[in-house]
Amino acid sequence: MNVRRVESISAQLEEASSTGDSVEDEMEMATVRHRPEALELLEAQSKFTKKELQILYRGFKNECPSGVVNEETFKEIYSQFFPQGDSTTYAHFLFNAFDTDHNGSVSFEDFVMGLSILLRGTVQEKLNWAFNLYDINKDGYITKEEMLDIMKAIYDMMGKCTYPVLKEDAPSRQHVETFFQKMDKNKDGVVTIDEFIESCQKDENIMRSMQLFENVI
């Protein structure tokens, strides 16, 4: 989910929460095939209020009437945000980050928990989420190739318009090489979550580079 979309959702939540409008009937009457968990549980697990969850569910149900979204539908929705490029590969990686139980679909609960971190999570929580995104095979490590795959996916989606200097393979590989070497503290060829978080928090250059990814989450 890109940052403009996240900010838009955040603004909608604030506006709707400040009005007297109620959407409780929509949340209570779950006519979809997949019924979300009790509001109380989601409220306790996320950083959203009950009313905000009702608002989010209304939007989610409008986009995904079945109550869950598969990868192909996710790609179709995400492509609307980046019509100038090919977002297919990046949407695949992003879908896998939201699909925390790896069952091939993103439920309302999956969506809420990811959005809760992206909108209101601590720096540590956001970095944990980002690490999971870059760890493509979910083995607990980020390799140089995984980082390069993510970078290429981003450039496919928006690089030709936004980052024309880096659209060729060699410059992007060089950027990843520099980025990766700073993170791989013990030079074992992989980046652990501890190395990832420590590097991002301590190195201003890396944090600025991270903004490239934040713009397309």
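A crossing of two helices is called left-handed if the near helix is turned anticlockwise from the far one by less than a right angle, and right-handed if clockwise. With that in hand, here are the views.

**View 1. The whole predicted chain, for orientation.** This is a predicted model, in which local features need pLDDT of at least 70 and side-chain atom pairs count only at pLDDT 80 or more, while totals for chains, interfaces and linings use all residues. Residues are numbered from 1 along each chain as its sequence is written, and side-chain values use heavy atoms, with hydrogens and water left out. The protein chain has twelve helices and four strands, taken as DSSP runs numbered from the N terminus (helices: H or I, at least four residues; strands: E, at least two). Of its 217 residues, 44% are buried (under 20% relative accessible area with a 1.4 Å probe, protein chains only; exposed is over 50%, partly exposed in between). Take contacts (heavy atoms within 4.5 Å) between residues at least 6 apart in sequence: 67% of them join residues at least 24 apart.

**View 2. Helix α4 by itself.** Helix α4 has 14 residues and reaches 20 Å from its first C-alpha to its last, close to the 20 Å expected at 1.5 Å a residue (1.5 Å times one less than the number of residues). Its buried residues are E52, L53, Q54, I55, L56, Y57, F60 and K61.

**View 3. Where α4 meets α7.** Helix α4 (residues 50–63) packs against helix α7 (residues 108–120) at an angle of about 120 degrees, with the axes 11 Å apart. That makes α4 oblique to α7 (under 35 degrees is roughly parallel, over 145 roughly antiparallel, 65 to 115 roughly perpendicular, and the rest oblique). Axes are lines fitted to C-alpha atoms, for helices over the stretch in contact, and angles run from 0 to 180 degrees between N-to-C directions. The crossing of α4 past α7 is right-handed. From α4 come E52, L53, L56, Y57 and F60, which meet F108, F111, V112, L115 and R120 of α7.

**View 4. M113 on helix α7.** M113 lies in α7 and is partly exposed, at a relative accessible area of 28%. Leaving out residues up to four places away in sequence, M113 touches Q45 and S46. F48 is 65 residues from M113 in sequence, and their C-alpha atoms are 9.5 Å apart.

**View 5. S87 in its loop.** S87 sits in the loop between α5 (71–79) and α6 (88–98). This serine is buried, with a relative accessible area of 4%. Beyond its neighbours within four places in sequence, S87 contacts Y78, S79 and M157.
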